[in-house]
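Let's read a protein model together. Keep the sequence and the 3D view at hand.

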Amino acid sequence: MATPTLDTAGTRVGEITIGTSGLGRGTRAGSPDEARAVDLARAILTGPFATVDTSNAYAGGRAEGVLGLALAQLRADPAVQSAQITTAQITTARLITKVDADPVTGVLDRDRVRRSYEESLARLGMDRVELLHLHDPYTITPAEAFRDGGVVDALCELRDTGAVDAIGIAAGPIPLLREYVETGVFDALLTHNRYTLVDRSAAPLLEQARRRGMTTFNAAPFGAGILASGVRPGATYGYRPASAELVAWATRAEGVCVAHGVTLRAAALHFSLRSPLVDSTVVGVSSAGRLADLEALRTIAIPAELWTDLDALGPAPSPISDPEDAA
């Protein structure tokens with residue numbers, strides 16, 4: 001099991017963080033499906049990667065619930081204890097969660113921030129986490145988030161009182177994230193689908209976060225689609241259908257990768273891992289086999305010439321376009 005390392009903001013993160021957005025989805029308490037999800041959570045928590053990312057909203061709360069069951073099993077497992085995996089190693093040092101709007105009403109205010117965090121801790125069976133993100137604040141404007149007694153004040157109170165060590169902002173649209181980063185209030189930034197081989201629109205934002213000493217997380221390095229699956233019918237990028245132009249670009253990129261003896265998937269992962277703008281790359285896994293595959297992918301040696309040849313293809317036609325009024 002990897003040891004978390006201190007990043008630029010003093011928060012412990014690993015080179016790869018395991019995402020859990022699909023963990024436990026559709027499972028019921030006590031069902032065989034839940035048991036299989038708990039087994040996967042145990043594999044994640046005791047696997048080779050130092051940090052795990054979850055959220056109050058993931059799978060309707062089931063992701064945190066399944067992680068909590070796995071943590072309880074690990075604490076009680078004599079084999080785990082004999083391996084000297086301490087409670088600290090499998091809890092606060094490794095788990096990151098997020099506060100979310102009320103799933104029914106969409107309300108996101110000071111009280112909801114506190115309730116969301118309390119719900120998460122109860123599901124996880126934990127007293128605290130080190131890093132807590134504000135997640136997808138799409139039901140309020142940044143101005144509403146920053147008003148006196150609002151969402152950001154609530155997060156700062158949690159940090160100031162020691163309930164968490166650091167707070168972050170996690171979302172998709174770059175203009176929205178920029179408004180939060182520019183305030184200098186947050187310790188961490190998580191962006192997704194916007195710093196990959198296909199879409200590099202998050203680069204200026206990540207650079208700004210770097211200058212502010214923030215921890216940076218780059219989620220979905222495979223673009224939630226074509227960079228992981230390769231060119232095939234129905235390929236997607238960023239949860240959107242891949243255009244004919246993107247498919248043509250990916251086909252050429254695959255050819256470049258084959259010429260260098262690597263896969264497009266490997267190149268996509270290492271694009272993020274090698275970047276000085278990224279502290280941790282967030283990757284979701286759906287099985288223990290995928291977890292092992294990810295570790296194998298991480299250790300692949302990538303020829304330096306590959307990046308020059310991929311850059312020579314020119315910018316890829318990303319289907320993602322963030323309007324400036326997204327904030």
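The questions below concern a predicted model.

Q: What runs E3-E4-E5-E6-E7-E8-E9-E12, and how are its strands paired?
A: The run holds 8 strands, and it forms a closed barrel. Neighbouring strands of this sheet are turned by 25° against each other on average, direction ignored. Strands of a sheet can pair either parallel or antiparallel, through backbone hydrogen bonds. Here the closed barrel has pairing that is parallel.

Q: Which residue in E5 is the bridge partner of valine 52?
A: Strand E4 covers residues 51-53, and strand E5 covers residues 95-99. The two run parallel and are joined by 2 bridges. In E5, the partner of valine 52 is leucine 95.

Q: Which helix packs on the sheet, and what angle does its direction make with that of E12?
A: The helix spans residues 264-273 and is H12. Helix H12 touches strands E3, E9 and E12. Its direction makes an angle with that of E12 of about 145°.

Q: Is alanine 253 buried or exposed?
A: Alanine 253 sits in helix H11, residues 244-259. Leaving out residues up to four places away in sequence, alanine 253 touches Leu264, Leu310 and Leu313. Its relative accessible area is 0%. Buried means under 20%, so alanine 253 is buried.

Q: Why does cysteine 156 count as buried?
A: The cut-off for buried is under 20% relative accessible area. Cysteine 257, with 0%, is buried. Cysteine 156 also counts as buried, because its relative accessibility is 15%.

Q: How many disulfides does the structure hold?
A: A disulfide needs a pair of cysteine sulfur atoms within 2.5 Å. The number of disulfides in the structure is 0.

Key. Residues are numbered from 1 along each chain as its sequence is written. This is a predicted model: local features need pLDDT of at least 70, side-chain atom pairs count only at pLDDT 80 or more; totals for chains, interfaces and linings use all residues. Side-chain values use heavy atoms; hydrogens and water are left out. Helices (H or I, at least four residues) and strands (E, at least two) are DSSP runs, numbered from the N terminus. Buried means under 20% relative accessible area, exposed over 50%, partly exposed in between (1.4 Å probe, protein chains only). Contact means heavy atoms within 4.5 Å. Two strands pair if DSSP finds at least two bridges between them. Axes are lines fitted to C-alpha atoms, for helices over the stretch in contact, and angles run from 0 to 180 degrees between N-to-C directions.
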